[in-house]
Structures are given as C-alpha cells and as structure tokens.
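The following questions and answers are intended for a reader who is meeting this structure for the first time. Please consult the sequence and the model alongside the text.

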Amino acid sequence: MADTLEFNEIYQEVKGSMNDGRLRLSRQGVIFKNSKTGKVDNIQASELAEGVWRRVALGHGLKLLTKNGHVYKYDGFRESEFDKLSDFFKAHYRLELAEKDLCVKGWNWGTVRFGGQLLSFDIGEQPVFEIPLSNVSQCTTGKNEVTLEFHQNDDAEVSLMEVRFYVPPTQEDGVDPVEAFAQNVLSKADVIQATGDAICIFRELQCLTPRGRYDIRIYPTFLHLHGKTFDYKIPYTTVLRLFLLPHKDQRQMFFVISLDPPIKQGQTRYHFLILLFSKDEDISLTLNMNEEEVEKRFEGRLTKNMSGSLYEMVSRVMKALVNRKITVPGNFQGHSGAQCITCSYKASSGLLYPLERGFIYVHKPPVHIRFDEISFVNFARGTTTTRSFDFEIETKQGTQYTFSSIEREEYGKLFDFVNAKKLNIKNRGLKEGMKQSYDEYADSDEDQHDAYLERMKEEGKIREENANDSSDGSGEETDESFNPGEEDDDVAEEFDSNASASSSSGDGDSDRDEKKPAKKAKIVKDRKPRKKQVESKKGKDPNAPKRPMSAYMLWLNANREKIKSDHPGISITDLSKKAGELWKAMSKEKKEEWDRKAEDARRDYEKAMKEYSVGSKSESAKTERSKKKKKKQEKQMKGKVEKKGAASKSLSSTKSPAKSMSESFKSKEFVSSDESSSGENKKEDSEEEGVASLPPSSEESASGSD
C-alpha cells in the first residue's frame with residue numbers, strides 16, 4: 001500500500017463556505033493546503049479520534065474529529081475512493097472509516113447533541129445538520145427558546161445569520177434546559193468578550209490601514225484596536241501571516257498583519273492591518289502577568305519586563321500570541337541598496353517587496369501574491385516615458401496586477417530575482433537599453449542543449465533568408481521600373497486616348513497630365529510582379545521531400561505512447577513538459593543514438609532534394625517553352641485582327657472622306673445619336689458588319705495608329 005494519498009480539487013468547509021485546495025494523507029497525518037490563501041492545516045495522526053464517510057452535495061465527504069474536539073470536513077470525493085481511504089485509515093491510523101448517511105426525512109424536531117466544538121441535530125441515530133460552534137457570534141435566550149447568531153461570511157453569496165431552537169420545559173427541578181443549552185453553546189462559541197485585564201497596551205500607534213491612531217490592547221485570545229471613531233476586535237485565529245518590512249528611507253518600519261476573514265467597517269473590508277513605526281522610538285514594557293504565568297504560557301518567548309524599539313516589542317508580542325513566524329525581506333537589494341522597489345499600483349504610489357516566497361505591496365491597497373499562485377510575470381515598456389517600465393503579474397486564476405513607474409535602473413535587479421526564483425517570464429525584456437540584462441541571462445536558463453529549440457531557430461533563419469531574397473528582388477524591380485527614359489513609349493501607348501482628349505488644354509496642363517501618368521505607370525508595374533511572387537510562394541509542391549526531424553522529435557515520436565501509458569489522462573501540454581524533462585535528464589550516450597538517426601535522416605533528405613531539384617528543373621524548362629509558344633500564338637492572332645481592322649477602316653474612309661477627317665479621334669461610343677441616324681451611316685453599317693463586330697479596343701488602337 002502507498003505511504004501517501006493525494007487528492008486535487010477537494011473542498012474544505014470553513015464557516016459555511018467551501019474553500020478548494022489539495023488534500024494529502026500520509027503516515028504522519030493529514031495536510032490540507034488552501035488554494036486561495038495558501039494556509040495549511042496539519043492534523044497529526046496521533047490526534048485523530050474518528051473518521052466518518054458520508055454522502056454530501058458535492059459527491060462524498062470525509063469528516064475528521066480530533067481528540068481535542070476540533071472537526072474538519074472535506075468534500076469532493078468520488079464514491080469509488082471509499083475503499084482506498086478505508087484501507088489507508090486502517091493501515092496507518094488504526095481507525096475504522098464509518099459510513100453515516102444524513103437524515104433527509106424533513107422533520108424539524110429531534111435531539112441536540114454537543115460533541116467537542118460541534119452541535120449536532122439528530123433524528124434517531126442519524127444527523128440532520130451540524131453547526132460548528134466556532135461560527136456562533138452570539139447566543140441569547142428567551143422563554144423556552146435559544147437564538148444563535150453567526151458571523152457574516154463575505155465569501156458566500158447567501159449567509160445563514162440566525163437559527164432559533166425551541167426547548168420544551170422538563171419536570172426536573174433545579175435544572176433549566178434553556179440555560180443549560182446556552183451554556184454549552186457559549187463554552188465553545190467564538191464570542192469575543194473583553195473580560196479581565198489586557199496583557200499589555202500600546203498607546204497611540206500610527207495605523208495606515210485602517211487609517212488613524214489606535215490604542216492596541218493585547219488580550220489572551222484577541223487583539224483590540226481602540227480608536228477615536230471605530231473599535232475592532234480581531235481574534236488571533238483570523239491572523240494568517242505577519243510581515244516586518246523596512247521602509248526605503250531606512251528610518252521607518254512597516255508591521256503588516258494579514259487577516260482572513262478580514263475586519264469590516266460598513267461595506268469596506270480590511271484584509272491587512274498595517275502599522276508604521278519609527279526606528280528611533282523605544283519603549284519599556286511590563287506584562288500584566290506574574291513571572292510564573294509568563295513562563296508557563298510563552299515558554300521563554302516573552303518575559304515580564306522587556307525594553308527596546310517599539311516595532312520590535314509589538315512584533316515580538318504578536319509572534320508569541322499568534323504563534324506564527326514573521327516574514328521579512330530576503331536577499332533582494334534594489335539599485336539604491338534598499339530591499340524594496342518604488343512603484344505605483346492603480347492610482348497611488350507605494351513600495352513593492354520581493355520576498356522569498358512571494359511579493360507584497362504596501363500600502364494602498366495592500367497586495368500579497370504568493371509564488372505558487374503566479375502563472376507568469378511580464379516586463380513591459382512604460383506608457384508615458386522610457387525612463388521607467390511596468391512589472392505585470394498574472395495569477396493562475398486570471399487576476400492581473402500591474403506595478404507601473406518602476407525606475408529603469410531597477411530592471412536588472414528585479415529580472416535577476418525573478419529569474420532566480422524560476423518564475424515564468426512572458427516577455428524576456430527585449431527593450432531599448434535593457435538588452436544587456438537579457439543577453440547575460442538568456443543562456444543560463446537552458447544549461448543543456450535542446451534539439452527541438454535548435455530546429456525552431458534553424459527554420460526561423462530559413463524563413464528570414466527567404467524574406468530577404470524576395471525583398472531584394474522586389475527592390476531591383478523598383479529601381480529598374482523607375483526610369484523615365486525607358487518608360488516613355490509605354491506611357492504614350494497606355495494613355496493615348498487621354499492625351500488626345502486633353503489636347504485642347506494649355507501647355508501647363510498637358511505637362512502635368514504627362515507627369516501624372518508616369519507615376520501611375522510606375523505603381524502598376526511594381527504591383528503586378530509582387531502579386532505573382534506572393535502567389536508562387538503560397539503554392540507548395542506536395543511532391544517535395546519533407547524536412548528531416550531533429551533527434552528530439554524522433555525520440556518523442558518513438559516514446560509518446562509510453563509516456564501516455566505511464567501517466568494516464570495526461571494533457572498535451574503536460575505531456576510536452578514531461579517529455580522535455582525526460583530528454584534533458586537523458587544521458588549523452590542515449591542522445592548520441594538519436595543524433596545518429598537524425599543525421600541519417602538529414603542525409604536522406606539532402607539526397608532526395610538533389611533528385612527533386614533535377615526533376616523540377618526539367619519540368620520548369622518544359623513549362624517555359626509552352627508559355628513562350630502560347631505567347632507567340634497570341635501575338636500572331638492579335639496581328640491578324642489588327643490588319644483586318646485597318647483594312648475595314650481604310651474602306652470606310654474612301655466612302656466618306658470629310659466625315660472620317662472630322663471624326664478621326666472619335667470612337668464608336670462617342671458618336672451622337674443624330675449622326676448615327678443619317679442614311680449615309682446606315683449604309684456604312686450595313687456594308688461594314690465586320691467592322692462593327694470588332695472589339696472597341698481594336699478600333700481605338702487602329703484609329704490611334706492612323
């Protein structure tokens with residue numbers, strides 16, 4: 001049996017909302033990592049008391065109860081996974097995974113049972129619903145009635161805010177069932193009551209989010225922010241992370257508390273509590289506890305009397321009470337030597353801190369992005385000036401963060417940091433003035449030879465060479481066509497009718513008319529051959545030999561099915577990644593075998609290309625000869641038609657010499673209806689049917705030549 005079981009897309013029920021993540025079961029215990037917050041729940045195997053398998057809305061679920069009364073619920077399992085989980089629980093946890101179905105009778109009366117931090121409403125032996133008592137914010141009593149109020153859940157569209165239980169009176173003397181019910185709830189409920197004295201108080205601390213000055217009172221289970229306008233009570237269980245960040249001016253410090261769920265003020269949610277301290281501010285602190293209690297509770301992490309910088313005292317007390325590590329900036333140093341970068345996010349300016357496992361931006365609005373949720377980063381040119389650039393981050397959920405107006409000098413340091421953390425870089429930074437950093441680190445990304453990449457580069461070079469050859473050819477044609485001396489004859493032929501029509505205009509106009517057609521003739525001559533070139537490029541000979549595959553592609557085609565069988569259900573992209581990893585890990589001896597095969601394929605390709613080129617030359621010679629023959633025949637036919645038109649024209653001119661002189665420059669289209677209706681023209685039309693049947697272009701060319 002495997003020592004570990006892993007499940008993706010599992011949902012943990014927390015305060016009425018379903019948080020997706022990954023669940024891992026091992027010999028040591030159960031670990032669940034929340035995909036949204038990155039929070040990790042670790043349940044030791046020795047703490048597990050009971051495991052229950054049941055049918056839920058999202059398929060099947062697993063409920064785990066610990067010896068100290070905590071309850072963990074995970075949904076999203078398939079029915080077929082029960083046997084695997086049951087065997088694992090027996091072998092490693094020595095627990096029977098019990099199957100219990102929920103009651104769906106729809107009755108609203110039953111028995112309430114309190115077990116650990118869970119209230120269970122049962123009908124007979126089957127539970128109808130369960131309420132984690134940590135979700136209860138208030139419990140009030142009335143006559144034979146108990147009302148439970150719940151914390152509002154911002155992540156859910158609809159939240160359950162209140163439940164009322166009717167408790168029937170009993171005949172037992174001295175016991176009030178309503179009060180007994182309420183006491184059981186309050187003993188486990190998350191009801192914050194400021195009873196007793198605070199452990200310590202910090203006066204008038206500057207708070208950036210929410211803005212203002214607050215007195216911070218430290219209680220054993222929660223933190224109390226007391227301001228002039230608002231009060232906030234923050235349970236330590238909602239604190240996710242602690243950050244201690246030095247300001248860029250080296251005179252101030254930020255202390256950041258990440259909260260989940262956030263504190264609320266009206267419709268505003270504060271996910272981060274940000275305090276600003278001066279390094280020069282010192283304090284002497286005395287805890288409101290005796291030395292024995294301090295030693296027993298904090299185990300040497302705190303002492304009754306402490307003194308030092310204010311930010312050190314606050315961070316030290318919070319670390320001891322919350323029992324979480326404090327995150328500080330890593331080895332990153334910017335251009336100025338600071339551990340942060342000045343930039344703008346949305347409409348305000350702030351500081352971006354590259355950490356060992358993420359980025360955090362302070363302060364308005366605060367943003368924390370973990371490396372494991374980043375899809376890729378991008379370096380972009382600044383929109384307003386070239387002295388700055390933008391740093392873009394896109395998460396796997398599709399959220400994009402753009403940090404703009406970063407000084408140009410910070411590019412190299414930030415690029416090195418991102419590169420060292422092996423984050424996906426969408427744009428390698430080929431910007432003006434930024435090529436040096438890219439060139440220095442482009443080769444270091446790929447220490448080993450990648451045959452597939454080399455093949456792509458070679459094909460790119462071939463395409464560039466073809467494009468350059470075609471551009472050189474078109475350039476030569478342009479130079480040849482732009483020669484006015486050689487084009488005079490062509491222009492005269494092409495624009496003969498225009499020249500005759502505009503003969504009555506002035507000399508200046510005629511000069512301009514002659515210049516304009518010359519430009520038009522150049523454009524026409526340039527465009528025609530280019531179209532032919534494009535058409536010839538598009539057509540690809542299907543009989544041409546195919547390019548040889550690289551060693552990597554030959555190996556991949558031979559091992560693709562094996563990779564699929566070893567990893568059933570693998571996607572195409574994941575298969576490509578896996579194949580690349582296997583190829584890089586392959587020894588040189590095995591790669592040489594595939595290199596030899598690729599070399600043999602290349603030789604066969606070159607041999608086939610030589611044979612193909614000889615055959616294609618003979619075919620091209622045949623096609624050239626047939627084209628020349630066809631052109632010759634077309635010229636002969638055209639000459640015959642022109643001679644016939646000239647003969648008919650001379651015949652008509654002998655019959656009506658005066659008319660032909662006056663209308664020598666007029667074609668058939670321009671003859672008026674009055675002239676065409678004369679008897680003489682009718683007679684000509686009847687006698688010259690052959691002339692009328694000729695195309696207009698031939699008649700116009702004949703008249704022009706006369």
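**Helices, cysteines and aromatic rings**

In this predicted model, helix H12 has three buried residues, namely Leu575, Ala579 and Trp583.

Q: Which exposed residues does the face of H12 turned away from its buried side carry?
A: The buried side of H12 is formed by Leu575, Ala579 and Trp583. The face turned away from that side carries exposed residues, and these are Thr573, Lys577 and Ala585.

Q: How far apart are the end C-alpha atoms of H12?
A: Helix H12 runs through residues 572–585 and has 14 residues. At 1.5 Å a residue it should span 20 Å, and the model agrees with this, since its end C-alpha atoms are separated by 20 Å.

Q: Which residues of helix H2 are buried, and what arc do they cover?
A: Helix H2 comprises residues 177–188 and reaches 17 Å from its first C-alpha to its last, close to the 16 Å expected. Its buried residues are Val178, Phe181, Ala182 and Val185. They are on the same side of H2, because their arc around the axis is only 95°.

Q: How many disulfides does the structure have?
A: A disulfide is a covalent bond between the sulfur atoms of two cysteines. The sulfur atoms must lie within 2.5 Å to be counted. For Cys340, which is buried at 1% relative accessibility, the closest cysteine sulfur is in Cys343 at 9.1 Å, too far for a bond. The count of disulfides is zero.

Q: What is the angle between the ring planes of Trp53 and Phe77?
A: The structure holds 30 aromatic pairs, and Trp53 with Phe77 is one of them, with ring centres 5.9 Å apart. The pair links distant parts of the chain, from strand E5 to strand E7, 24 residues apart.

Q: What is the centre to centre distance of the aromatic pair Phe379 and Phe415?
A: Phe379 is in strand E29 and Phe415 in helix H5, 36 residues apart. Both residues are buried, and both belong to one aromatic cluster that also includes Phe332 and Tyr411. Their pair is tilted, with 50° between the planes and a centre to centre distance of 5.7 Å.

Q: Is Leu310 buried or exposed?
A: Leu310 is found in helix H4. Beyond its neighbours within four places in sequence, its contacts include Phe202, Leu205 and Phe277. Since its relative accessibility is 6%, under the 20% cut-off, Leu310 is buried.

How values were computed. Residues are numbered from 1 along each chain as its sequence is written. This is a predicted model: local features need pLDDT of at least 70, side-chain atom pairs count only at pLDDT 80 or more; totals for chains, interfaces and linings use all residues. Side-chain values use heavy atoms; hydrogens and water are left out. Helices (H or I, at least four residues) and strands (E, at least two) are DSSP runs, numbered from the N terminus. The expected span of a helix is 1.5 Å times one less than its number of residues. Buried means under 20% relative accessible area, exposed over 50%, partly exposed in between (1.4 Å probe, protein chains only). The arc is that of the directions from the helix axis to the C-beta atoms. Rings of Phe, Tyr and Trp (its six-membered ring) pair if their centres lie within 6.5 Å; planes under 30 degrees apart count as stacked, over 60 as edge-to-face and the rest as tilted. Contact means heavy atoms within 4.5 Å.
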